[in-house]
Every structure is written in C-alpha cells, then in structure tokens.
Amino acid sequence: MSLKFGTSGLRGLAIDLEGPAAALYATAFAHYLLSTGQAKPGDTVLIARDFRPSSPAISAIAAGALLRAGLTVLDCGTVPTPALALHALATRSAALMVTGSHIPADRNGIKFYRPDGEIGKADEQAITEAADALRAGQTTIDATPAEVPTIEATVRDLFMARNVSLLPGHALSGLRIGVYQHSTVARDLFVDVLVHYGADVVPLGRSETFIPVDTEAVAPDTITALRGWAGEYRLDAIVSADGDGDRPLVSNEAGEPVRGDLLGLIAAEFLGATIAVTPVTSNSGLERRGTTDILRTRVGSPFVIAGMVEAAAAGHERVVGFEANGGTLTGSAVTVNGTTLAPLPTRDCFLPVLAVLHQAAQRRQSLSAIVNGYNLPIALSDRLERFPVETSQGLMAHLRSSPTALAAFLKPLGIPVSVSDIDGHRITLADDSIVHLRPSGNAPEMRCYVEAETETKALALLAAGLIRIRSWAEADSIGHAGDTGKAAE
C-alpha cells in the first residue's frame, strides 16, 4: 500500500486509494472526530475534489463511509481547496478535499480539515492509528459510494466574495492578463475575479485531461507555453494554479515564472504582516528585505500553521504564512481595503496573485521590474522523479554520517561552511551559494534547491546538484547489488 501522510495530507497511488482505502481513512477520520468531541453524530462534513480522473469515485466512496459513520455529508463539488476551507471554517464543519495537488494523475490524496481548520501532525498520527485499528480488527470496510446534496454554488459565492473585497474596484484596469486554465479547479474563478477588477482577461490552455502543474518546479514545456502565450497575446502577466488551487503560478510579461516565495512575501507586505512564517526552502534573502519578521519552519503546511500559532501566542497581531510554492495562509484577522478578512490558515493561491498584480497596476511597472526591485538571490529548484524513498533516505543518512562524507559528496559543487538540518540538508558553500537537498514528503522524488548571485551560476549549481544526486544513487544501487550477490554466495 503506497498511502501515507506527507507534507500536505494523505497521498499515494490512485489505484490504492480508489476503493476500500478511501472508505477506511474517511471512517478513521469520522471516528477521530467523534471520539475527541470535535463532532457529534449528525454533524456536517464537507467534501470537494479536483479534476483528476479518480477523484469523483474517491469522493463518493468517502461520502458513503462518512454517512455510515453517522455524519451528514454535503458535496462542495470541484472548488479550490481554500474555498472549501473557508466555507468549512464559516460553518464550523469538518471537511475532506480529494486531491493529489500537483502530482501526476496516477496518484491522488485526501486533505483533512477539523471544524477549526487544517489538521496538524498529531491529528495525522491519530487518524493513522484509527485506520490501523480498523484494519487490525479485520472488519470488512464497506466501500459503497453515496450521492449527497451539493452546495457548490454557495461555496463558490463565499470565496468569490472574499476575493472581490481585497482590492478597490477596477484596481486591475489596463492590465492584460492570461489565465492558464489547464485542469485546475481555480480556472473559472480566476477569470471571474480578474474581470471583476477590470482586467482584460485571456483564457489559455483549458484541458479536459488532467495536467499536473507543479508551481514550485515549473516544467520546461509549461514555461515554453507561457513564453509563447505572453508574446502572442501581448500579456502583462499569466496566472494559474496547481490542481486544487492552493498554489499560485504567476509569470511575467515575458512568460517567465515568478518565484512562489517572492509572491508570498509580496502578499505578506500587502497585508501589513508583522511576521511571516515560511519554510526553510524559501529564499534566504527574505530576512534582508526587512519589511517583516521571518520565522522559518520545516516544509509543509502543518508546520507553517504551527509556526503561525506560535507567532500569535508571542503577541504578533498580523500573522501571515507562505510556502516556497507561494501558497499563502493568514493566521489572524487582517483589515485590507476597508474589509476585515477572517483568518484562512490554509494555502490560498488567489491572495498572492492579486497582491502582485495590484502592485504592478499601482506602480505602473512590469512584473519583471517588480521582481528585480526586490533584489533577492537567484533561487531555482528541480526534482528527480520516481526516486525511491529508500534511496533518498540513504542519501540523507550518508550526508549526515560525517563532515568528511558531506564534503566528499559536495566536492564538485563547492566547499561546505555551514549546514541547516531543519528539513533535509541545506548547505551554505564558501562562496555564499546554497544547495538544499530534500526528499519530497508527497511522492517518490528527490528535490534540489539552490541559490546563487547570478542566474548563470544558479543554473549551473542546480544542474551539478542533480547530476551529483543521480550519480550517488547509481553508485549506491550498484553497491547494494554487489552486497546482494555476496550474500547469495
């Protein structure tokens, strides 16, 4: 069974989740809510989903399981995760989002929400234990799907109302903005929101086939498409999101993607945040900006949310969080454009998109000029897909084994002078460049993040880092094959 909790919810192969496993984890979630007093029999649980092929079946199976557990279930349809979370908080309802986010269509997952917000690591452990107990009880899990009433329009309307209150009317007039629609559940709402603000909107690339879009490591073919559209339609920007609409993708007037952590910082400044909580993978230049305090965490929304709770407890009144992918969270109520926004402590792609577009419109600057004005180090990232989990764990153990082992691994890249082990291995080299190696928490992938003074240097460092990871994995595989052969002898 491939299913496990990662940086954001339960993830695994769709073939493993679509069936009894979906019913198992939905039942475990219901038992957890009921046993802890976070719900009582008859209380409402909301379900929404993305557009990947397996999501409708998984959603229907989960709905059936929740009904049999004694809860009321409402279908929120295909809406962005932040829209589901907003309605769940407003109605004090638990919720499930069936989505694999940005990962390929052969995988899927479920994000869980308590009535007071996104679950944390302790909740994940409790749900896992409840599922294990059900499995150990050898009770046959009923995976019969169910149809439930839909409230999709209500959920969309509430989220739309939040987003059209962020900026003054016609704040984006004069901007020509492309919306890369692909298969994100945010695609139609993006058009509606941008048109509301007076932008000239050009829908692009709508697809009825699911397309995995990773906003943190944008695929080369996606960048090629963005560049082509930017020139063809003479666009000021192109905006999009991942599959479930909680991670933003913004490209400038040339079709070049804007770093997600910069989008998050712009959103934090837009809201007047006194502190911004962000993972260690976000750009190291954020602290130099000096507009807000920065609190670093491990990668994953549960850690960012925990950091926001810590910041609020320390007395900060305007608490914002964002991840390196740009997904932005609000940990406290904030007043903007004369409207007080309720906290939304889950990733949202709309807030950072609107914040950066508003800045461009107000200053009458191109997005490339705005990005250059922040003068952050050049930060790039990429990943090796289908990288076995045991291999990534072996690499991390090797790097941590001794300073000599770390130095030998990094020799083609540079000389290590300091290391952060908050999440993966983040190494500062003698020339102040950064290499950060980290196994993905959502899929069998190895991620490499780099920072350097120039784009040329960053590109070279990223390429060298990926080559070094691949070479080590190949050598490790040969070594294990040799060990197996010796054992056989």
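Is D116 buried, partly exposed or exposed? I looked it up: D116 is partly exposed, because its relative accessibility is 40%. (Buried means under 20% relative accessible area, exposed over 50%, partly exposed in between, with a 1.4 Å probe and protein chains only.)

I note that this is a predicted model, where local features need pLDDT of at least 70 and side-chain atom pairs count only at pLDDT 80 or more, while totals for chains, interfaces and linings use all residues. Residues are numbered from 1 along each chain as its sequence is written, and side-chain values use heavy atoms, without hydrogens and water.

**Salt bridges**

I searched the whole structure and found 31 salt bridges. (Each is a side-chain nitrogen of Lys or Arg within 4 Å of a carboxyl oxygen of Asp or Glu.) D116 pairs with R114 at 2.7 Å, N to O. R114 counts as buried, at 16% relative accessibility.

Next I checked R383. Its salt bridge is with D214, with the closest N and O atoms 3.4 Å apart. R383 lies in strand β19 and D214 in the loop between β9 and α8, so the pair ties together parts 169 residues apart in sequence. (Strands are DSSP runs of E, at least two residues; helices are runs of H or I, at least four; both are numbered from the N terminus.) Both R383 and D214 are buried.

**Strand β19, continued**

I also looked at L384, which sits in strand β19 (residues 378-384). L384 counts as buried at 9% relative accessibility. Beyond its neighbours within four places in sequence, L384 contacts P444, E445, M446, L466, I469 and R470. (Contact means heavy atoms within 4.5 Å.)
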